[in-house]
Amino acid sequence: MSCFVGRVKELKNVSIDCFLNSNIYSTAYFLSHCHTDHMRGLRSDIFLKRLRSEAHIYLYCSEITAHILTVETTFAALMHKIKVLPLGVSTIVQILDPDGSSEDVTVSVIPTGHCPGAVMFLFEGEMGKILYTGDFRLCEGDVSRFRQLHHLDGSVKVIDKLYVDTTFLSHQYMQFPSRLSSISILCNLITSWLQEGSDNDIYIQMPAKYGSEAVFIAVAKRLGMKVHVSSSAYNIYKNIAEIQEAVTDNPCCTRIHACQAYNWRFCDETAILPCQGKLSKLRIIKPCALSFTSEVYDGSLESAVLKCNDQELFKICYSSHCSYREVEHFIRYLKPRQIEACVVPRNMKEADILRLLKEVSRWGDSFTDAPVLTVSSSKGTENGMSTDMTSVCSVRLTEQQNMSTSDNETDVNKAYGGNVQNGGHHVDPEIYKLIAEDFKPKIGDSDMDIRQSISLEFLEYAAGQNSSLV
Ligand SMILES: [Zn+2]
Ligand SMILES: [Zn+2]
Ligand SMILES: [Zn+2]
């Protein structure tokens, strides 16, 4: 989960992927993709009011992200305030300053392979070259293909500061199979089960609201069968040509389901598929990455699949974030002058991520080549109000951070993979409410009780933050 606070200090009137607190008063907003941890504050009244009422202030995003947003009535009414940055083209964006001056910045969007519409932003201007990856999954070699990151003569542009997704920058996740390999395994599991009997059906359990759509596209192409999705998902996908062809909202015309809104019961290989109202023999396939630590996934295809509890339940290693090796390759290719980690991975502290960043950013002989390393952190937010500079906590490797947390915080951290660190400072209660919302169980969740208790814990935590602000 991103702990990026929304501001790049090199561009003082720009907010990216966080629309809370002082970020609201920026004059240009950028959204990398539609995942909750990157949309904090986007639906708040105060943000929407500012976007609606201030002339020349826009939200910039990719075309698909704009499609996904405008399915919601709120954003449909604000279409004129959402500006699409086309892929493969550099756009000049005028960034206004409250003093009346302005600065022209060239912005290029580069697809990140994370989920539909996800892009990274390259900002170029007087402040230098700033690259913000958002969430990304690029395999080794992908980065060399992006024209926007190279000069006309083919040399790599010097990135002054890289803001990078470090979700799996951990020795626990050294490598992942390519998505093509994961999809091949998945298609084999589907085909073998469907051929075994005419009552057999497939249920693909998506790990997040968006992110595995490439699976649907590949399955539909390879197996010639669409994937049944919930009508709310279909409403979004029908605007995205490539996905639309791969999915259906008709439960009866396919044997492959990913209709998350439905409840299914799993019992001795026989499950009720309520979207069809009949008993089926279900094989459940769950694309996910967390379970595939380096002890589990050794690079072989066999180790990229886990069969669970003698049931027809399979986990397939499928990641929409870069592995350690992929982040390393990306960073070593670009050799940026400064790097800021935007995610503190589960069970890790800022000092750990700084040590790992140092490990992957060794190049050249000279010590002076070494980039300056920092970690984005909400630690700088005081009384729920972040200020421009305190919102980015710059930590040199030589500094030891005191990461002491209260018992309550430790539990919450454990529950949410260790990402919520406030170091004794106040965090905007809205963040905890959003996390609570994220954890709220949906109908049919197998871990409903756990999700419910974590969700309540975050709500209580939000209430605690609220009362301490009074
Ligand atoms: Zn994220
Ligand atoms: Zn994401
Ligand atoms: Zn279905």
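Here is a walk through this predicted model, from the overall picture down to a few individual residues.

Let's start with the whole protein chain. It has 470 residues, and 40% of them count as buried. The secondary structure comes to 12 helices and 21 strands. If you look at the contacts with a sequence separation of 6 or more, 65% of them are between residues 24 or more positions apart.

Now go to the open sheet of five strands. Reading across, the order is β1-β2-β3-β4-β5, and the pairing is mixed. Its edges are β1, covering residues 7-8, and β5, covering residues 82-84; each of these pairs on one side only. At the β5 end, the neighbour is β4: the two strands run parallel and are joined by three bridges. To find one of these pairings on screen, look for C61, whose bridge partner in β5 is V84. A helix also packs on this sheet: α2, made of residues 63-70, touches both β4 and β5. The direction of α2 makes about 150° with that of β5.

Next, a look at some backbone angles. Most residues other than glycine have a negative phi. Two residues here go the other way. D17 isn't a glycine, yet its phi is positive, near 60°. You'll find D17 in the loop between β2 (11-16) and β3 (28-30). Is D17 buried or exposed? It has 27 other C-beta atoms within 10 Å, and the cut-off for buried is 20 or more, so D17 is buried.

The second case is H56, again not a glycine, with a positive phi of about 65°. H56 sits in the loop that runs between α1 (45-53) and β4 (58-61). Its surroundings give another answer: H56 counts as exposed because it has 9 C-beta neighbours inside 10 Å, where 12 or fewer is the limit.

I284 counts as buried because it has 20 C-beta neighbours inside 10 Å, and 20 is enough to meet the cut-off. Which residues does I284 touch, once those up to four places away in sequence are set aside? They are Y203, Q205, E312 and L313. K315 is another residue to check from here: it is 31 residues from I284 along the chain, and the C-alpha atoms of the two are separated by 8.5 Å.

How values were computed: Residues numbered from 1 in each chain as written. Chains lettered and ligands numbered in written order. Predicted model: local features only at pLDDT ≥ 70, side-chain atom pairs only at ≥ 80, totals over all residues. Helix = DSSP H or I, 4+ residues; strand = E, 2+ residues; numbered from the N terminus. Contact = placed C-beta atoms within 7 Å. Pairing = 2+ DSSP bridges. Axes fitted to C-alpha atoms, helices over the stretch in contact; angles between N-to-C directions.
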